[in-house]
Amino acid sequence: MTMARLANQPWRVGNVALPSLKLHNPVHLLLVIVAIVAATNLPLLTYAPNRLLSGQGILLSQLAARYWLLALPALPLLAAPWLRPCRLTYIILLTAAAALSGGLLALAGHEAQLRSGEADSLARISFGGAFWLLLLTAWLQLAEALRGFGLGLPARVTLILAALAPIAALLASGYLDSLSLLKEYQNHQEAFNLALLRHLQLVLFSVLPAVLLGALLGALSFRSRRARKLLFPVLNVIQTIPSIALFGLLIGPLALLGSLFPQSGIGGVGLPPALLALTLYSLLPMAHGTLAGLEQVPADVREAASGIGMSPWQIFFRVELPLALPVFLASVRVTTVQAIGLAVVAALIGAGGFGVLMFQGMSSSALDLVLLGVIPVILLAIGVDTLFKVAIAIFRRKIHD
């Protein structure tokens, strides 16, 4: 029996069958089941006397704070699979998901204040498995409600930012400062800022040359079928080399180059090999995206432009480039998000970035320090991805207009 059929079975009290509820959304039902299992079986938080000791799990029912207040936003989300799809339902679910995610954080912050005691206390309160799963299911239900709204991308982004406002307010107020993750941030604030700056440098200075070179190679492969046959096999081979192996392959040649030109700043480890490797990785999506963008320009549009006397350069800049721009921006989006993730590995050769915090946390078995390196990378990737999607939507609308 499928999950939908099981949910649509009539409820019974003794021999009396109660009126059946119609399941409207199996996705919500799956998320509700995951949330219930997580909330009843996994610890919401963990408590450790200090940073070196393993934490003990704290279930939702064991919290000293008023955890039952979470039932207020949780009830609409629990009933979501059986709610009739309409605008009012989506508004209720959006509000409930935002309130639940903010309430979970507020509850965790309050519990951390109660259990950690003084500001100089060594006790650590960390997020448990139930916290992450409840947060994930709440935001997936929010995303499902947004999908039902059928709004445009800018409106969806605006609603998501509004839903994030309570979380930002909690962070800004210092209410969450007793949590272990925030303590790690306070202890490593200078290293965090340095890692953020270096991570942005790695992404920016590898994507920019990749965009220019990849666009040139993509345009060349569009004009010449022979160049296309030579180019893409080489780029495919580069893409299949593991990042650690590529960093290792570049150490020897760059170290030799650095010894020949000692004033150039080139070396076998650090920023140069990291930038070179990230640029090489970015070439394939950029060249492929440029080629795809130029290929989707209708041939009759080119012929019409040529028929009115445009030169090849005018056709490229005034006809082909504007029409290919959304696909080209999509490839820049993929390249940038890929570079944000790959830059983490660059810390292994001394290039810096958030990988430093992540590997430092792994070597010292400090999970919160690992999260301090991982979470900004995820947020950075989601933020950049969203910005590019909004820009692409705007360009597409202008082209259609």
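Which residue of S5 does Leu45 stand opposite? Leu45 faces Phe127. The model is predicted. Its chain contains 15 helices and 5 strands, and buried residues account for 42% of its 401 residues. The C-alpha trace spans about 80 × 55 × 40 Å along its principal axes.

**Sheet**

- Three strands form an open sheet in the order S4-S3-S5, and their pairing is antiparallel.
- Strand S4 (56–58) and S5 are at the edges with a single partner strand each, so one side of each has no neighbour in the sheet.
- On average, neighbouring strands of this sheet are turned by 30° against each other, direction ignored.
- Strand S3 (residues 45–48) is joined to S5 by 4 bridges, and the two run antiparallel.
- Besides Leu45 opposite Phe127, Tyr47 stands opposite Ile125 in S5.
- Strand S5 (residues 124–127) is covered on both faces: Arg124 and Ser126 are buried on one side, and Ile125 and Phe127 are buried on the other.

**Aromatic pairs**

- The count of aromatic pairs comes to 8.
- Phe127 and Trp132 make an edge-to-face pair, because their planes stand at 80°, above the cut-off of 60 degrees; the ring centres are 5.3 Å apart.
- Phe127 counts as buried because its relative accessibility is 12%, whereas Trp132, at 35%, counts as partly exposed.
- The rings of Phe192 and Phe354 also form a pair, with centres 5.3 Å apart and planes at 55°, so this pair is tilted.
- Phe192 belongs to helix H8 (residues 189–223) and Phe354 to helix H14 (residues 354–363), so the pair ties together parts that are 162 residues apart in sequence.
- Phe192 is buried with a relative accessible area of 13%, and Phe354 counts as buried at 1%.
- Phe127, Phe131 and Trp132 are linked by ring pairs into a cluster.

**Salt bridges**

- The structure holds 8 salt bridges.
- Side chains of opposite charge can pair when their charged atoms come close.
- One of the salt bridges joins Glu111 to Arg115, with the closest N and O atoms 2.5 Å apart.
- Both Glu111 and Arg115 lie in helix H4 (residues 87–116), 4 residues apart, which is about one turn of the helix.
- Glu111 counts as buried at 0% relative accessibility, while Arg115 counts as partly exposed at 32%.
- Arg124 forms a salt bridge with Glu184, where the closest N and O atoms are 3.2 Å apart.
- That pair links distant parts of the chain, with Arg124 in strand S5 and Glu184 in helix H7 (residues 180–187), 60 residues apart.
- Arg124 and Glu184 are both buried.
- Arg228 and Glu295 meet through their side chains in a salt bridge of 3.3 Å, N to O.
- This pair, too, links distant parts of the chain: Arg228 is in helix H9 (residues 225–240) and Glu295 in helix H11 (residues 271–295), 67 residues apart.
- Glu295 is partly exposed, at a relative accessible area of 44%.
- A network of salt bridges links Arg223, Arg302 and Glu320.

**Surface**

- Leu256, Leu257, Leu260, Phe261 and Ile266 make a nonpolar surface patch of about 470 Å².
- Leu257, one of these residues, lies in helix H10 (residues 243–260) and is partly exposed, with a relative accessible area of 33%.

Key: Residues numbered from 1 in each chain as written. Predicted model: local features only at pLDDT ≥ 70, side-chain atom pairs only at ≥ 80, totals over all residues. Heavy atoms only, no water. Buried < 20%, exposed > 50% of the residue type's maximum accessible area, 1.4 Å probe, protein only. Pairing = 2+ DSSP bridges. Patch = residues over 30% accessible without salt bridge, like charges linked within 9 Å, V, L, I, M, F, W, Y side chains within 5 Å. Areas by Shrake-Rupley, 256 points an atom, 1.4 Å probe, with all protein chains shown as cover. Salt bridge = Lys/Arg side-chain N within 4 Å of Asp/Glu carboxyl O. Phe/Tyr/Trp six-rings, centres within 6.5 Å; stacked < 30°, edge-to-face > 60°. Axes fitted to C-alpha atoms, helices over the stretch in contact; angles between N-to-C directions.
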